[in-house]
Amino acid sequence: PVLHSFQDEIVFEGEGCLSFPDQILTTRRYNQITVSDLLDPKPRTLIGLDAVCFLHELDHLNGIVFLDRQA
């Protein structure tokens with residue numbers, strides 16, 4: 001996946017992760033991002049929870065866990 005742009009940093013309350021059961025944290029994420037990937041190279045915009053989930057999973061691919069994003 002490629003992250004092309006991001007905007008509107010938000011404090012996201014209630015982020016969790018199956019890798020850390022029973023832990024719910026407040027994190028900093030972007031509310032709107034533009035992304036693409038190898039299967040669909042046309043950039044698309046994700047907003048709100050879609051953007052938060054994408055960024056969470058992208059972090060996993062980069063070896064970052066949501067504990068590192070705690071606000």
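## Thr-34 and its surroundings

Let's start inside strand β2, where Thr-34 has its place. In this predicted model, Thr-34 touches Val-2, Leu-3, His-4, Ser-5, Pro-43, Arg-44 and Thr-45, leaving aside residues up to four places away in sequence. Its relative accessibility is 18%, so Thr-34 counts as buried, the cut-off being under 20%.

## The sheet

Now step back to the sheet. Three strands make up an open sheet, ordered β1-β2-β3, with antiparallel pairing. The edges are taken by β1 (2–16) and β3 (44–47); each has a single partner strand, so one side of each is left without a neighbour in the sheet. On average, neighbouring strands here are turned by 25° against each other, direction ignored.

Strands β1 and β2 (residues 24–36) run antiparallel and are joined by 12 bridges.

Helix α1, covering residues 49–61, lies across β1, β2 and β3. Its direction runs at about 100° to β2.

Asp-8 has a positive phi, near 60°, and is found in strand β1. With a relative accessible area of 45%, Asp-8 is partly exposed.

Asp-22 also has a positive phi, near 70°, but its place is in the loop between β1 and β2. Asp-22 is exposed, at a relative accessible area of 81%.

## Salt bridges

How many salt bridges are there? The count comes to 5. One of them joins the side chains of Glu-15 and Arg-29, at 2.8 Å from N to O. This pair links distant parts of the chain, with Glu-15 in strand β1 and Arg-29 in strand β2, 14 residues apart. Both Glu-15 and Arg-29 are buried.

Another salt bridge brings together Arg-69 and Asp-59, with 2.9 Å from N to O. Arg-69 lies in the segment after α1 and Asp-59 in helix α1, so the pair ties together parts that are 10 residues apart in sequence. Arg-69 is partly exposed, at 32% relative accessible area, whereas Asp-59 counts as buried, at 6%. Through shared partners, salt bridges join Glu-15, Arg-29, Asp-59 and Arg-69 into one network.

Arg-44 is partly exposed with a relative accessible area of 30%, and Asp-40 is partly exposed with 36%.

Definitions and conventions
Residues numbered from 1 in each chain as written. Predicted model: local features only at pLDDT ≥ 70, side-chain atom pairs only at ≥ 80, totals over all residues. Heavy atoms only, no water. Pairing = 2+ DSSP bridges. Helix = DSSP H or I, 4+ residues; strand = E, 2+ residues; numbered from the N terminus. Axes fitted to C-alpha atoms, helices over the stretch in contact; angles between N-to-C directions. Contact = heavy atoms within 4.5 Å. Buried < 20%, exposed > 50% of the residue type's maximum accessible area, 1.4 Å probe, protein only. Salt bridge = Lys/Arg side-chain N within 4 Å of Asp/Glu carboxyl O.
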